[in-house]
Structure formats: structure tokens, C-alpha cells
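Colleague: Hi! I'm new to this one, could you walk me through how some of its helices pack?

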Amino acid sequence: TPSELEAQIQQRVADMESEYGLNILVGEDSQHYFYYFEAEVVTELSDISDALDTLEDALENYPEGFFYQLRYGDVKRTEIHLMGTLTATNSEYTDTYEAFVQDCYDCHVMVVDIFLTDESTYYHEFSHIIDSYLEWDAANRDGALFSDETWCGFNPGWFPGYTYSYSWEQYVEDYSCFVDSYSTINPTEDRARVLEYAMVDYGQWTFEDADVLLEKLDYYCRCIREAFDTTGWPETVLWEQYLP
């Protein structure tokens, strides 16, 4: 028989899944092994409860019905696994990670270390899933606004491929084009940093007097509005808060 707290968590997960259109996996229901990563299962109920608080604080900042639209083509669902320590298994290093997103058959899989995660982590990782939707939409709809070529045009002298290695000297002629060095890894990480900082209070210092970053943000916001059904969205969503 589940404890009162365990029953409350189970009901809360079910309610959040219904409200947001996501699959949320916690405790023994979550996986411990993913492509190239291994994750510790969290069983302490108070830790899981705190993690659900953080997740819900982030989810509340997206327009109603937003995550249901991340079901497209062959993608039937988005899973969020609330885990402990995440370790890369395909590396000679014993690196640990805050979070990652993987595509798996018919779903997007987001995995987070709940002990390292705050709301900004979710904003960053959801940008990767948004990217996948925008790429799919651009490949299947004539006239779509989104393209990697347009994005890279904001970055003078920057033509990286989709790798996870970076060098300021190799890629960057103008540092003001990027939020930070991590943004120079590849275009999707660049966009994820931009959207992440656009959704947090301290992001105002990132975009203040940063013409290229504001151009990037404006373009990405327009791509999202052009590709998504915005019926019922507020006039300004959170990631548009710093636009002029």
C-alpha cells in the first residue's frame, strides 16, 4: 500500500500529465539507462516532490496547450525523466550532466538531474525539442520561416556543424553574437541559450544593448509563432519579454 505522500505524488504526476500533455516519470517508473547515458533513480519522496515543484514552475510559463503541439509526424509524446546523477557512458571521461534531450523512436526524451536543475534548465532543454519541431515543420511546409542557414547568418564567420566541440578562436569573430562560450558549440545550443536567457529574470542583462542577440531572439520568437498554432496565446509570451 503506498504511503500518503507517495499517493499524493502519483496523483500529482497524473494531474500534471493531463494538464500539460507530457509523460512524467519518477522513481522506479523512470529508466536508468539511455543512449550514451546512465542515470541514478531517485526514490526519496521529498526529493521527487521538490522536483515536481520546480518542473511545474517552469511548465506554467508556456502557453496553454503548448506541449500538445510537440506531438507531430511520428512523435507521439514527450517524456520527462526526473533522475539523480547523469553520467555519460560513451566518454573516456567521467563527466556528469545537468540534463539532456534524446529522440527515441516515437518520442522526445528529456532527462534531468533534479539536484542540479532549476527552471532555466527546462527552458533550455525544451528549446531543443522546439528545434526538432521547427526543423520538421520547415521540411514539410512550404514557406516556413525557420532555417539553420538564416540563424547562422547572425554569426559573422560562423559555420559550425552539429558537433559538441567548440573554440572561440575557430568560430567567433564577434563575441557579442553569443550568450556565452557554450552557445558556440552548434546552432541548436546557441538557440537554447538564447531562449533560456530570454525566459529568466537575469536575462535582461544579457540582451541589454546586445543588438545581434536581440535579432536572434526576435527571429526565433517569430519562427515559433509562425510554426505553432497560437490560438489563445497571450499577446506576449515569456520568451518575448525582452523584445523591444
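Modeller: Happy to! Keep in mind that this is a predicted model. Let's begin with helix 3 and helix 6 (residues 187-198): their axes come within 8 Å and cross at roughly 130 degrees.

Colleague: Is the crossing left-handed or right-handed?

Modeller: Helix 3 makes a right-handed crossing with helix 6.

Colleague: And which residues make the contact?

Modeller: From helix 3 there are Ser120, Tyr123, His124, Ser127, His128, Ile130, Asp131 and Glu135. Helix 6 brings Thr188, Glu189, Arg191, Ala192, Arg193, Leu195 and Glu196.

Colleague: How many of those are nonpolar, polar and charged?

Modeller: In this contact of helix 3 with helix 6, four are nonpolar, five polar and six charged.

Colleague: Let's switch over to helix 2. At what angle does it pack with helix 3?

Modeller: Helix 2 (residues 45-59) meets helix 3 (residues 119-140) at about 55 degrees, and their axes are 8 Å apart. That angle is why helix 2 counts as oblique to helix 3. The crossing there is right-handed.

Colleague: Who's touching whom?

Modeller: On helix 2 the contact uses Ala51, Thr54, Leu55, Asp57, Ala58 and Leu59. Their partners on helix 3 are Glu119, Tyr122, Tyr123 and Phe126.

Conventions
Residues numbered from 1 in each chain as written. Predicted model: local features only at pLDDT ≥ 70, side-chain atom pairs only at ≥ 80, totals over all residues. Heavy atoms only, no water. Axes fitted to C-alpha atoms, helices over the stretch in contact; angles between N-to-C directions. Helix = DSSP H or I, 4+ residues; strand = E, 2+ residues; numbered from the N terminus. Parallel < 35°, antiparallel > 145°, perpendicular 65-115°, else oblique. Left-handed = near helix turned anticlockwise from the far one by under 90°. Contact = heavy atoms within 4.5 Å. Nonpolar A, V, L, I, M, F, W, Y, C, P; charged D, E, K, R; others polar.
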